[in-house]
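Here is a short briefing for a first look at this structure. Start with the picture, then read the points below.

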Amino acid sequence: QVQLVQSGGGLVQAGGSLRLTCAISQPITKINKMNWYRQSPGKQREVVATISTDGNTNYADSVKGRFTISRDNAKNTMYLQMNSLKPEDTGVYFCNVDATWIATGQTTFYWGQGTQVTVSS
């Protein structure tokens, strides 16, 4: 059973920082993409950060220069470091891992449970 368990998030003032963690319960043969999404109030869920097989990263324009996606393969964990937070960063953040899983031999993606980030002005 693949589970992505998120931690971090909470309430922070504008200009502050938070780090989100996504712990992956099952081993991976090959990573395709690891992603962080957010769903802001009144908006559709959007991808804000992606890290690919070779470690290349991409960011939504709204978070570029402020957010950093990373992973630690030895710990089977991915992170989103969020700096210089703005009120418009408020939303529910979800990790998403698209990979080939050792347990099944299949390539598919799984979602974390989501965690609330609230940035006050």
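Predicted model: local features only at pLDDT ≥ 70, side-chain atom pairs only at ≥ 80, totals over all residues.

Residues are numbered from 1 along each chain as its sequence is written, and side-chain values use heavy atoms, with hydrogens and water left out.

**Aromatic rings**

- Rings of Phe, Tyr and Trp (its six-membered ring) pair if their centres lie within 6.5 Å; planes under 30 degrees apart are stacked, over 60 edge-to-face, and the rest tilted.
- The count by this rule is four aromatic pairs.
- Trp-101 and Tyr-110 make an edge-to-face pair, with 5.2 Å from centre to centre and 85 degrees between the planes.
- Trp-101 is buried at 1% relative accessible area, where buried means under 20%, exposed over 50% and partly exposed in between (1.4 Å probe, protein chains only).
- Tyr-110 is partly exposed, at 27% relative accessibility.
- One aromatic cluster is made up of Tyr-37, Phe-94, Phe-109 and Trp-111.

**A charge over two rings**

- A charge sits over a ring if NZ of Lys or CZ of Arg is within 6 Å of the ring centre and within 35 degrees of the ring normal.
- Arg-45 has its charged end over the ring of Phe-94, 3.7 Å from the centre.
- The charged end of Arg-45 also sits over the ring of Trp-111, 4.8 Å from the centre.

**Ser-52**

- Ser-52 lies in strand β5 (residues 46–52); strands (E, at least two residues) and helices (H or I, at least four) are DSSP runs, numbered from the N terminus.
- Ser-52 is buried, with 10% relative accessible area.
- Neighbours within four places in sequence aside, Ser-52 is in contact with Asn-32, Lys-33 and Arg-71; contact means heavy atoms within 4.5 Å.

**Strand β3**

- Five of the seven residues of strand β3 (residues 18–24) are buried.
- Strand β1 (residues 4–7) pairs with β3 in the antiparallel sense over four bridges; pairing needs at least two DSSP bridges between the strands.
- Val-5 stands opposite Ala-23 in β3.
- β3 and strand β8 (residues 77–82) run antiparallel, joined by six bridges.
- Cys-22 stands opposite Met-78 in β8.
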